[in-house]
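Hi everyone, thanks for coming. Let me walk you through a two-chain model I've been looking at. Have a look at it first, and then we'll start with the interface.

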Amino acid sequence: MTTFDFLMQGMLVAAQPMNLFYALIGVTLGTAVGVLPGIGPALTVALLLPVTYRLDPGGSLIMFAGIYYGGMYGGSTTSILLNTPGESASIVTALEGNKMARKGRGGPALATAAIGSFVAGLIATLGLAFIAPFVVKLALVFGPREYFALMVLAFVTVSSAFGDSTLRGLTSLFIGFALAIIGIDQLTGQARMSFGIPDLLDGIEVTTLAVAMFAIGESLYIAAQGDQGPDKVEAVKGSVWMTGQDWARSWKAWLRGTAIGFPIGAMPAGGAEIGTFLSYAAEKRLSKHPEEFGHGAIEGVAGPEAANNASAAGTLVPLLTLGLPTTATAAIMLAGFQQYGLQPGPLLFATNPQLVWGLIASLLIANFMLLVLNLPLVGLWVKLLTIPKPWLYAGILLFATLGTIGANPSVFELGMLLAFGVLGYAMRIFGYPIAPVVVGLILGPLAEQQLRRALAISQGDVTVLFTSPVAAVLLVIAAAALIVPLILRARGRGQVLSQLAANED
Amino acid sequence: MSKGNTPSTQTRRPDRAALVIAVFLAGLAGLIFWDTSRLAKITSYSGIGPATIPFVIASVLLLLAAWTVFEALRGDFPARERQEFGPVIWIIGGLAAQMLTLKPLGFSIATGLLFAATAAGFGKRKLWFTIPIGIVLCLGVWLVFAGLLQLSLPAGPLEHLFW
């Protein structure tokens with residue numbers, strides 16, 4: 001069967017009423033969390049994991065992917081109207097978008113962001129559908145050592161290649177690894193780092209860690225900033241429709257943003273932020289109106305918004321085909337798969353094509369839903385921004401603890417939630433990135449397993465890791481991704497990298 | 001995000017807080033060494049057993065601790081924003097209160113306390129007003145999630161009135 005046939009089959013799965021319903025819940029929740037500053041898609045998926053435990057796997061995963069896409073759409077609304085990015089991939093959108101809103105062109109800014117997100121989401125999801133089978137074929141020749149090398153590369157790019165300090169990125173990653181050791185060793189059955197506490201034998205729950213770091217750590221940090229007065233929400237004045245000139249200036253930016261964002265998301269290269277910065281730079285250089293940049297240029301909204309949606313779709317390529325998460329949200333989605341005993345990877349395409357292709361097809365449908373949710377209904381989302389902070393954060397913590405209590409109603413689990421929350425807060429104060437901890441916790445044990453398998457095959461010969469050409473090339477790239485930024489920062493060129501910091505999503 | 005990488009030029013004093021971080025990292029490494037050393041005897045024919053990777057991780061943590069000391073002495077850590085600890089204590093207190101009252105008093109009252117404490121942390125200090133709101137809200141949440149979605153949320157005296 002060709003990809004097209006698979007996709008059509010997927011459409012049949014995705015078009016089932018229950019799955020449409022899950023997709024609708026997902027994109028609605030996703031848009032809401034994207035709009036609200038302080039919570040992102042990673043946290044929302046983490047909160048929903050325990051709640052969806054009893055639901056149908058296909059439906060839940062469709063919902064999670066909808067949240068991811070929705071978060072990318074919703075973030076732009078906050079950036080444009082509040083000048084506070086709703087999630088980290090929308091930082092660039094705030095640059096030009098908020099300027100447009102202040103000039104009374106908030107409507108067209110929201111429109112170009114939403115339509116750009118739609119165009120990019122559509123193209124990139126089709127890209128995902130057509131590229132995935134090739135990557136799956138490639139992945140079939142991957143042995144343990146190639147997987148291990150790929151994971152090392154992902155570790156480096158997630159933790160230290162971007163952001164403002166190699167030291168702090170690596171420290172976060174290794175704190176994640178240290179937490180990952182806790183529990184029973186999968187190969188020998190020995191308890192490690194559990195200190196005789198039965199609650200620790202199962203290891204640290206990814207959801208507990210993610211909720212603690214993202215929800216509690218973030219709330220503590222925002223609270224500690226003190227009262228800074230109410231944020232100013234720009235009202236949407238005038239028409240939301242774009243003029244002919246807006247269209248003419250936007251469509252190329254959408255396509256370029258997609259072309260930049262998708263490959264960056266698909267490579268194990270960290271979050272969606274990087275694509276948005278590159279797209280912004282490209283638009284600034286290619287624009288016929290460079291003087292407008294910094295004062296509300298529509299290309300500066302169109303390009304980066306397209307790029308961030310395209311890279312969200314791109315992130316699903318390594319997640320679905322290799323089981324390799326490259327962002328915090330993808331890492332938690334991987335935990336979602338594992339919750340149902342599913343391991344994403346080439347095998348999943350063979351054993352469970354209904355689920356994989358249903359998921360991909362549902363993303364196409366989700367995109368249409370998001371366009372409707374974000375254009376005509378944008379006024380509704382703007383209302384969310386007017387919730388006073390005390391109620392907003394009290395509600396966030398209510399639902400954050402609800403998820404943990406639902407998964408395991410024990411005092412010990414809540415104690416861990418509190419401890420990791422304080423850890424996350426301390427890390428925020430000192431500028432340590434959070435995402436590497438989560439990625440380290442979930443990917444660390446998989447990497448250890450692959451490494452030990454590879455060495456078992458070679459009977460303990462370590463050189464085997466470098467003798468496969470694929471693995472060797474991946475390790476060389478990983479080494480370069482570790483060393484080059486180190487040199488750049490030492491020579492005072494670190495500013496660019498710190499702007500590309502992948503902080504949350 | 002961009003917090004600025006420029007240490008203030010005149011004060012190149014060692015950064016005490018960063019030194020504490022280094023001690024924490026070294027302590028974590030020590031803990032891993034201590035716990036997994038008893039597993040070191042177990043090796044398979046692959047040459048690496050359950051203790052190998054923890055040893056590697058602990059060693060790297062020691063290296064990172066040393067690197068942190070180095071950066072702390074050079075004053076390379078970014079300047080930190082001023083933190084107000086009052087709100088932080090409110091929220092941590094709320095989480096602790098929830099943790100301790102969850103089993104005896106049930107989900108609604110425990111989480112209602114957390115809700116009110118968090119709101120207090122963000123400036124709404126009228127507890128006589130926020131605690132009842134929190135409890136009623138949490139009871140609603142409990143009815144939806146424990147009642148309809150069958151999530152196992154602990155029930156207390158209040159929940160037993162309804163279920």
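The contact between the chains takes 53 residues from chain A and 63 residues from chain B, where two residues are in contact if their C-beta atoms, placed from the backbone, lie within 7 Å. On the side of chain A that touches chain B, the elements giving two or more residues are α8 (166-181), α9 (206-224), α17 (389-407), α18 (411-429), α19 (435-457) and α22 (494-499) of chain A. The largest share of that side, 11 residues, comes from α17(A). By class, this side of chain A has 29 nonpolar, 16 polar and eight charged residues; Ala, Val, Leu, Ile, Met, Phe, Trp, Tyr, Cys and Pro count as nonpolar, Asp, Glu, Lys and Arg as charged, and the others, Gly among them, as polar.

Before I go on, a word on the source. This is a predicted model: local features need pLDDT of at least 70, side-chain atom pairs count only at pLDDT 80 or more, and totals for chains, interfaces and linings use all residues. Residues are numbered from 1 along each chain as its sequence is written, while chains are lettered from A and ligands numbered from 1 in the order in which they are written.

Now, chain A as a whole. Its secondary structure comes to 22 helices and two strands, taken as DSSP runs numbered from the N terminus (helices H or I, at least four residues; strands E, at least two). Buried residues, those with 20 or more other C-beta atoms within 10 Å of their own, the C-beta atoms being placed from the backbone, make up 63% of the 505 residues in chain A. Along its principal axes, the C-alpha trace of chain A spans about 70 × 55 × 50 Å.

Conventions: A residue is buried if 20 or more other C-beta atoms lie within 10 Å of its own, exposed if 12 or fewer, and partly exposed in between; C-beta atoms are placed from the backbone.
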